[in-house]
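Thanks for coming. I will keep this short and go through one structure with you.

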Amino acid sequence: MQSKSGIDIISVLLFVAIAALGITSVYSATYEPGAESLFAGRSGKQLMWLGISVVVGVVIFLLNANFFQFFSWYIYGACMLLLVLVLVIGADISGARSWIKLGPVSIQPSEFAKYGTTFAVASILSTIGFSWSKLQDLLKIGVVILIPMGLILIQGDAGSALVFFSFFLVFYREGMTSVVLISGLTAIAIFVFTLVFGSWYFSLAVVGIFLVFYAFTYSEKKLLLPSISIVALTILFSLSVQFLFDNVLQEHQQKRIQVTLNLIEDNRGAGYNVNQSKIAIGSGGMYGKGFLNGAHTKGNFIPEQETDFIFCTIGEEGGWAVSVGALVLFILFILRLYHLASRAKKKFKRIFIFSLASILFFHFLVNIGMTIGLMPVIGIPLPLVSYGGSSFLGFCIFIFTALKLDATRDEDLISTYS
Amino acid sequence: MRDNRSLYIYFGVVLVGVIFILRLFQIQVLDDKYANAADRISLRKQTVYPQRGLIFDRHENLLVYNDPLYDLMLSVPIRISNIDTASFCKLLEIDRAEFDKRLNAAKRNSFRGKAIFKKNISNLVYARLQERLYEFKGFFFEIRQDRNYKYNSAAHLLGYLGEVSRKQLDRQVEEYYEQGDFNGKKGVERFYEKELRGVKGEQYFYVDKHGLDRGSYKDKKLDKEVVDGKNLYLSIDIELQKYGEKLLANKLGSVVAIEPSTGEILALISSPFYNPVKFNIQNRGSYYNAAINDPTKPIFNRAVSAPYPPGSTFKPVMALVGLQDGAITKNTYFGCRGYYKLGRRTIACHYHSYNTSLQKSIASSCNTYYCNIFKNMMQSGKYENTEEAYNSWRRYMRSFGIGGELGIDVSVESRGWLRDAAYYDRMYGEDKWSYARIISLSFGQGELGLTPVQMANVAATIANRGHYYIPHVVRRIENQDSIPTKYVVKNHTLVDPKHFDAVIQGMQQVTRTGTASAIAIKGIDIAGKTGTVQNPHGKNHSAYIAFAPADNPKIAIAVVVEEAGYGATWAAPIAHLVIEKYLSPDTLEVSSRASLEKKIIKSNLIPYKYRTQRDMSLYAE
Ligand SMILES: [Zn+2]
């Protein structure tokens, strides 16, 4: 289903539904009895950003689709410039130097860096002759991603830096060897196992598994050496995890991870947010307490409840029913974008749309997972829902660009392949 | 291969969605611990304390009113951050160490969304702190009512409030009180607790993390309206009460005055007394030890709780019983040589002329006469044996309200002493005791004890010629048609009214020619009876009962002054002064009795052994 202009109506409807959910949730999360209408306060501000986004969207649709690919590196460059700029003239807000003040509004360059980096990544990957086995290409990709990650880390915003890991999903889709993804997931598993049981038990378990494995395959002599090296590697990794965790991570970061893994209970300290968040969502029951009736939200018990913890308001006031609705909207939207990516005829477009879907997925996974206690507290917003102009505008531009690229897919007569 | 990878990714996205949905189902629908936690954190029950009923005297003078008391509370969960602790401590007049101590205590003892930080904060500190309370998020005030008093008077009878005890909390049937609530501990505060207290209101509402109100809960369906307590109008005449207290100052003893026609108590005084405000919630902590350690027992309500042998004040009752039981007639004479011979023992009387009539026996307080009555009664052919005769005597006593709680509305009442026959059986062996063993009962000594209010009730009963109303201090309860019914029914004695006039004539002689004639009041016909009560521990107690005017009694009175000597010397003048003050207050100032009044007020009759151990701060304004 699509309009005459080629815009995918399903995506637009899902976008509108999620944005509407976001604005009403922000309204409720910041509601003061008798004080403000939907058009005032923070929900009003969010509406204003929606308006600005629509204007920007119209401009995007008036542009030639080829403009984006052509100007990829300029867009990337501009975004990186902003990231550097914020370090120079940025305002310190709650410990992070992530904001540039422009009169009444503050913008957060990290929210646009994902957009810019996507252009660069799509550009490199769609270059004719790009190969995963060429070191030069790998270096290019690495540099393009590490620059924004590094700059954002310097700002002190670890959550936004982590978002760039979304690109690994893109690389996987685009043919990077699955070893990377598998080792990544394995590393996370070892990480969790080590923190829960300690590296000593981990080593014991690995050696045990190896011995059992060896007992069945001792005739195959050539397997012995690789197996032993894998065992040694994992044990070494586990030991270094323990070391890194203890010595590199800051105490609050350690605690957040420990709280998520249920290793410590700290409902007044590191676990406060998550505990309050779970209480708010959990108290919503099947059908919720009703719009504007979330006592826990109204009591401002959850820090960041209109930004990173916006899902609490949905969970408390809408209950399981509305929460599931919201999750389904996101899942459908992400899947729809993946579908748009897969039907693109140009590699650049495919990678661009696919990156957007992956970044949305990463945000969704980490943000919702955090509010319901399945992920450590990593401060990244729920796209289109959390309060915050930069995030909202950034994602709108991102989505509109993707939709524009999709809308013009029929112009791309040559189907690229790889 | 790439399509496979796309499928893996789709699958991964859907899997995450399903895990999230299941997780949400778990915490939202299956597990109610989160919902409970939410209510615990953000739902607050605010108790609205009612105004306790005011207390007035019989002329509607305000006696007791409410004084707000401020408890500084903390919202739970306690999250105190960014507050200026130094200036907070300064406002509250505590130091940093105490702040930390109280904060820790509050964290340990939170209850239903709140915890006590500091109780009973003064008005002044409250006003100072309230103004800046917005700076100290998480703190709020709860207001309760303490008592204050218009008069430094009537402390015992009014009683005081205190925190509900653990035992009361555990035993309550209707689950009204909560830990920390106040209730009446003594006096009318205790007796009329239910009427005075009202009904606490409850408001349920949501609070934010600063403890600020964020709207009502379930449309206020669970809220309870507060109902203020009822005002209480007492029968006490506060001017009379104060006058009696003035006379009893620096003496140990009691004055109880009753209106015979109604049983209303006009004054109920126990001395030493204390300033009631020193025993309210705010102050009691500072004075309690002083009160407990004072050997004169200033918080003990002698008027209702201390039984004394009535001594000779008992003789009118004994005479009435003798007349009713046939032991004597009103014309019976007994001869008295100044003693009564009982086998080898003699019971002393004092000098008076030999031939003693009933009236004279009262007027001159002849012990011999009453020993004879008692002997006649105990040995009367009406009864099979002494035990039966004693039981009959005892029934007469009970009909006068002696030997049992009267049921007055001032706690805590003593029954007095009145033994049953079984007691003497145990004491002397069954059938091994005769009238001779217990003859001192006939003149009010021995195993007989009356509280001052029981003595006053006896006076009122004689004044009424044979009946009494249970003495009480309630006159009217706001919004209530009547006082408790037991206070409006007549209690008849077992003595026929026709016998009373002969005895009353004797009591009139007491103030005309008898033991109290020296202090008679011109123009007021008082019927009285002096008593000098033997006290094994020290000087005799001085006692007196009376009522006036004799033919139309408006006031009946009993006075006991401990370790003071003759009844005629102290108790009787005090009683007469009180009677005069009540019946014709205007004559008192100009009468020749002003000097008597002055002498009594000035006299310190507190035994020397106690004087140095008294803590006068309890009595001060
Ligand atoms: Zn005699």
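I will start with chain A, then turn to aromatic rings, charges over rings, and a metal site. Please keep in mind that this is a predicted model.

So, chain A. There are 17 helices and three strands in this chain. Of its 418 residues, 52% are buried. Take the contacts in chain A between residues at least 6 apart in sequence: 71% of them join residues at least 24 apart. The chain exposes about 18500 Å², and 70% of that comes from carbon and sulfur atoms.

Next, the aromatic rings. How many aromatic pairs does a search of the whole structure find? Over all chains, the count is 53. One pair is made by Tyr338(A) and Tyr10(B), with 5.9 Å from centre to centre and 45° between the planes. This pair is classed as tilted, because edge-to-face needs planes over 60 degrees apart and stacked needs them under 30. Where do the two partners sit? Tyr338(A) belongs to helix α15 of chain A, residues 310-343, while Tyr10(B) belongs to helix α1 of chain B, residues 2-30, so the pair joins two chains. Tyr338(A) is buried, at 1% relative accessible area, whereas Tyr10(B) is partly exposed, at 24%.

Another pair lies in chain B. Phe191(B) and Tyr192(B) are edge-to-face, with centres 5.0 Å apart and 65° between the planes. Phe191(B) has 33% relative accessibility and counts as partly exposed. Tyr192(B) is buried, with a relative accessible area of 1%.

Back in chain A, ring pairs also link residues into a cluster. Its members include Phe67(A), Phe68(A), Phe70(A), Phe71(A) and Tyr74(A). Also among them are Tyr115(A), Phe119(A), Phe348(A), Phe352(A) and Phe398(A).

Now charges over rings, both examples from chain B. Lys297(B) has its charged end over the ring of Phe300(B), 5.6 Å from the ring's centre. Arg611(B) lies over the face of Tyr608(B), and here the distance to the ring centre is 4.1 Å.

Last, the metal site. Which residues coordinate the zinc ion? They are Cys336(B), Cys349(B) and Cys366(B), each through SG, and His352(B) through NE2, at 2.0 to 2.4 Å. The angles among the four donor atoms run from 104 to 117°, and the site is tetrahedral. Along the chain, the donors follow the spacing C-x12-C-x2-H-x13-C. Two of these residues, Cys349(B) and His352(B), are both buried.

That is the end of my part.

Methods
Residues are numbered from 1 along each chain as its sequence is written. Chains are lettered from A and ligands numbered from 1 in the order in which they are written. This is a predicted model: local features need pLDDT of at least 70, side-chain atom pairs count only at pLDDT 80 or more; totals for chains, interfaces and linings use all residues. Side-chain values use heavy atoms; hydrogens and water are left out. Rings of Phe, Tyr and Trp (its six-membered ring) pair if their centres lie within 6.5 Å; planes under 30 degrees apart count as stacked, over 60 as edge-to-face and the rest as tilted. Helices (H or I, at least four residues) and strands (E, at least two) are DSSP runs, numbered from the N terminus. Buried means under 20% relative accessible area, exposed over 50%, partly exposed in between (1.4 Å probe, protein chains only). A charge sits over a ring if NZ of Lys or CZ of Arg is within 6 Å of the ring centre and within 35 degrees of the ring normal. Donors are N, O and S atoms within 2.8 Å of the metal (3.2 Å for Na, K and Ca); water is not among the atoms, so sites may look incomplete. Four donors count as tetrahedral if all angles lie between 85 and 135 degrees; four count as square planar and six as octahedral if opposite donors are over 155 degrees apart and all others between 65 and 115; anything else is irregular. Contact means heavy atoms within 4.5 Å. Accessible areas come from the Shrake-Rupley method with a 1.4 Å probe; for residues, only the protein chains shown count as cover.
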